[in-house]
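Hi,

Here is the structure I promised to pass on. Have a look at it first, and then read on for what turned up in it.

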Amino acid sequence: MKYVLVTGGVVSGLGKGVTASSIGLLLKACGLRVTSIKIDPYLNTDAGTMSPFEHGEVFVLDDGGEVDLDLGNYERFLDIKLTRDNNITTGKIYQSVIDKERKGDYLGKTVQVVPHITDAIQEWIERVAIVPVDGKEGPADVCVIELGGTIGDIESMPFIEALGQFSYRVGPGNFCLIHVSLVPVLNVVGEQKTKPTQHSVRGLRGLGLTPNILACRSTKALDENVKAKLSQFCHVPAENIITLYDVPNIWHIPLLLRDQKAHEAILKRLDLIGVAREPDLKEWTIRTEVCDMLHNPVSFKHI
């Protein structure tokens with residue numbers, strides 16, 4: 001099993017969910033079978049009791065699981081059916097560990113975040129990743145994992161530690177880390193600023209994870225000198241720095257990734273160059289172009 005981890009830095013709301021969905025779609029277009037897992041660091045067991053004003057709409061899965069809306073994006077982009085287990089929350093992890101402790105499974109040991117919580121997270125990921133979600137038999141080729149929140153959040157620390165251990169255990173040829181960060185443009189000077197991303201990557205590396213690919217959110221494509229600067233300070237090859245600039249609708253994101261050869265960087269990292277084909281996104285491109293032409297609002301009148 002190959003794993004792609006998507007993390008976010010600087011600010012929340014950068015579009016990690018759409019980015020993770022688009023990466024999954026791109027890999028699927030390369031002929032690979034893809035599954036997804038969303039990690040939400042909040043203490044709630046699920047999103048069912050959370051206000052949509054604070055957290056967005058709840059997405060209800062086929063098995064009745066009330067989960068984050070990002071899982072809805074995964075299902076729509078990848079044409080898969082996920083289960084409640086594809087959404088990991090802090091509440092679910094702690095509940096499972098406490099239940100095991102109450103049954104005496106730890107044989108009287110002191111139950112701690114490391115190794116018991118971190119082991120539970122890794123075991124959950126491995127258990128869910130092999131469950132087929134596309135209607136075919138056998139496990140998928142790649143599991144795309146999205147870590148919710150922002151690097152540096154207290155809530156996500158156990159997950160960062162677990163994923164750092166996990167990346168070491170599965171090996172570099174089976175793990176690719178994509179960090180979604182912000183490159184703001186100050187209106188006064190009109191210059192793309194790299195410092196927020198530098199700090200975010202430094203914090204990520206300090207926690208034991210090193211990004212293989214940078215997906216930079218910005219209002220426009222990154223200048224070459226900005227890419228060179230990010231490459232130098234973040235220790236990421238310039239060809240592995242992708243710009244996710246503002247587009248008319250989210251369906252453009254897989255096309256942006258394809259045009260910037262993101263799939264080649266991922267496949268190279270996962271040792272899948274000889275296995276996967278060039279991405280076929282003809283149908284997706286047509287759908288995106290049609291969506292761009294839809295401008296007239298539709299109104300419903302009571303009869």
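Before the details, one term: a nonpolar core here is a set of buried Ala, Val, Leu, Ile, Met, Phe, Trp, Tyr and Cys residues joined through side-chain atoms within 4.5 Å, and buried means under 20% relative accessible area. Also keep in mind that this is a predicted model.

With that in hand, the largest nonpolar core has 45 residues. Val-4, Ile-23, Leu-27, Ile-178, Leu-257 and Ile-266 are the ones with the most contacts inside it. Helix 1 (residues 16-29) gives this core its largest share, seven residues. Take Ile-23 as a way in: leaving out residues up to four places away in sequence, Ile-23 touches Val-4, Val-6, Ile-178, Leu-257 and Ile-266. Apart from that core lies another one, of 29 residues, and its members include Tyr-106, Ala-120, Cys-143 and Leu-209.

Now the overall picture. The protein has eleven helices and eleven strands. Along the principal axes, the C-alpha atoms fill a box of roughly 60 × 60 × 45 Å. Of the 303 residues, 49% are buried. Among contacts with a separation of 6 or more, 74% are between residues 24 or more positions apart.

A few single residues for you to click on:

- His-263 sits in helix 10 (residues 262-269). His-263 counts as buried because its relative accessibility is 2%, under the 20% cut-off. Not counting residues up to four places away in sequence, His-263 touches Leu-26, Cys-30, Leu-257, Arg-258, Glu-278 and Pro-279. Leu-257 is also on the list of residues with the most contacts inside the largest core.

- Asn-73 belongs to helix 3 (residues 70-78). With a relative accessible area of 12%, Asn-73 is buried too. Setting aside its neighbours within four places in sequence, Asn-73 is in contact with Val-18 and Ser-21. Gln-192 is 119 residues from Asn-73 in sequence and 29 Å from it in space, C-alpha to C-alpha.

- Gly-135 is in the loop between helix 5 (113-129) and strand 6 (142-147). Is Gly-135 buried or exposed? Gly-135 is exposed, since its relative accessible area is 82% and the cut-off for exposed is over 50%. Gly-135 and Ile-80 are 55 residues apart in sequence, with 7.7 Å between their C-alpha atoms.

Cheers

Key:
Residues numbered from 1 in each chain as written. Predicted model: local features only at pLDDT ≥ 70, side-chain atom pairs only at ≥ 80, totals over all residues. Heavy atoms only, no water. Helix = DSSP H or I, 4+ residues; strand = E, 2+ residues; numbered from the N terminus. Buried < 20%, exposed > 50% of the residue type's maximum accessible area, 1.4 Å probe, protein only. Contact = heavy atoms within 4.5 Å.
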